[in-house]
Amino acid sequence: MSDYQVLEMGGLDEWREHYGGFRPESSRDGRRVVDHELTMQFIGMTANAYEPGEEAGYWHTHSRVEELYVFLAGRGQMGLDDDVVDVGPGTVVRVGQGVWRTWRAVPDSPGQLRWLCIRAGGEELPRLPDDGRRDEDRPSPW
């Protein structure tokens with residue numbers, strides 16, 4: 001048996017319909033904790049959608065987890081310690097341990113602010129993967 005799973009999350013325009021979170025008291029519309037649905041070992045991911053003007057309403061930081069925010073649609077802002085960074089489609093923000101963060105969809109966003117938050121912790125990753133192998137002779141399946 002191969003070690004992979006497939007989850008159909010739906011299109012970006014369907015993300016807001018999902019209700020979820022890490023704990024019942026912090027769950028909300030537009031959040032899907034993908035690593036609660038797939039067996040993830042070393043990474044985690046949430047899919048998020050905020051309406052224009054909606055904001056997290058809290059700051060948070062991690063002591064062991066690194067996060068990568070990949071913005072796909074809409075316009076928003078991230079508070080990162082004492083800085084405010086504008087975000088939109090194509091913006092990628094890496095946030096290291098100890099950095100306080102919060103985010104919002106700006107009120108005049110042309111639509112929902114949609115993003116993936118990818119979390120990882122544990123061992124530092126090598127610059128180049130050192131455990132990969134190629135098979136130049138194996139034919140493509142299509």
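This is a predicted model: local features need pLDDT of at least 70, side-chain atom pairs count only at pLDDT 80 or more; totals for chains, interfaces and linings use all residues.
Student: Is the aromatic pair of Tyr69 and Phe71 stacked or edge-to-face?

Tutor: A pair of aromatic rings is described by the distance of the centres and the angle of the planes. For Tyr69 and Phe71, the centres lie 6.4 Å apart and the planes stand at 15°. Planes under 30 degrees apart count as stacked, whereas those over 60 count as edge-to-face, so the pair of Tyr69 and Phe71 is stacked.

Student: Is Tyr69 buried or exposed?

Tutor: A residue counts as buried under 20% relative accessible area and as exposed over 50%. Tyr69 has a relative accessible area of 1%, and Phe71 has a relative accessibility of 2% and counts as buried. Because its value falls under that cut-off, Tyr69 is buried.

Student: How many residues apart are Phe71 and Trp115 in the chain?

Tutor: Phe71 and Trp115 form a tilted aromatic pair, with 5.9 Å from centre to centre and 35° between the planes, and both residues are buried. Phe71 belongs to strand E5 and Trp115 to strand E10, and the pair links distant parts of the chain. The two residues are 44 residues apart.

Student: Which strand gives the most to the lining of the second largest pocket?

Tutor: The second largest pocket holds about 320 Å³ of space, and among the 15 residues that line this pocket, those closest to its centre are Phe22, Arg31, Tyr58, His60 and Glu67. By class, its lining has six nonpolar, five polar and four charged residues. Strand E4 (43–50), strand E5 (66–73) and strand E10 (113–120) each supply at least two residues of this lining. With three residues, the strand that gives the most is E10.

Student: Which strands stand at the edges of the open sheet of three strands?

Tutor: The open sheet has the order E7-E6-E9, with antiparallel pairing. A strand at the edge has a single partner strand, so one side of it is left without a neighbour in the sheet. The strands that stand at the edges are E7 (83–87) and E9 (101–105).

Student: What is the bridge partner of Gly79 in E9?

Tutor: Strands of a sheet pair through backbone hydrogen bonds, either parallel or antiparallel. Strand E6 (residues 76–80) and E9 run antiparallel and are joined by five bridges. In E9, the bridge partner of Gly79 is Thr102.

Terms used
Residues are numbered from 1 along each chain as its sequence is written. Side-chain values use heavy atoms; hydrogens and water are left out. Two strands pair if DSSP finds at least two bridges between them. Helices (H or I, at least four residues) and strands (E, at least two) are DSSP runs, numbered from the N terminus. On a 1 Å grid over the protein atoms alone, a cavity is a set of points where a 1.4 Å probe fits but cannot get out, and a pocket is an open set with protein on both sides within 12 Å along at least five of seven lines; lining residues have an atom within 4 Å of a point. Grid points are joined across faces, edges and corners, and a volume is the space filled by probe spheres set on the points. Ala, Val, Leu, Ile, Met, Phe, Trp, Tyr, Cys and Pro count as nonpolar, Asp, Glu, Lys and Arg as charged, and the others, Gly among them, as polar. Rings of Phe, Tyr and Trp (its six-membered ring) pair if their centres lie within 6.5 Å; planes under 30 degrees apart count as stacked, over 60 as edge-to-face and the rest as tilted. Buried means under 20% relative accessible area, exposed over 50%, partly exposed in between (1.4 Å probe, protein chains only).
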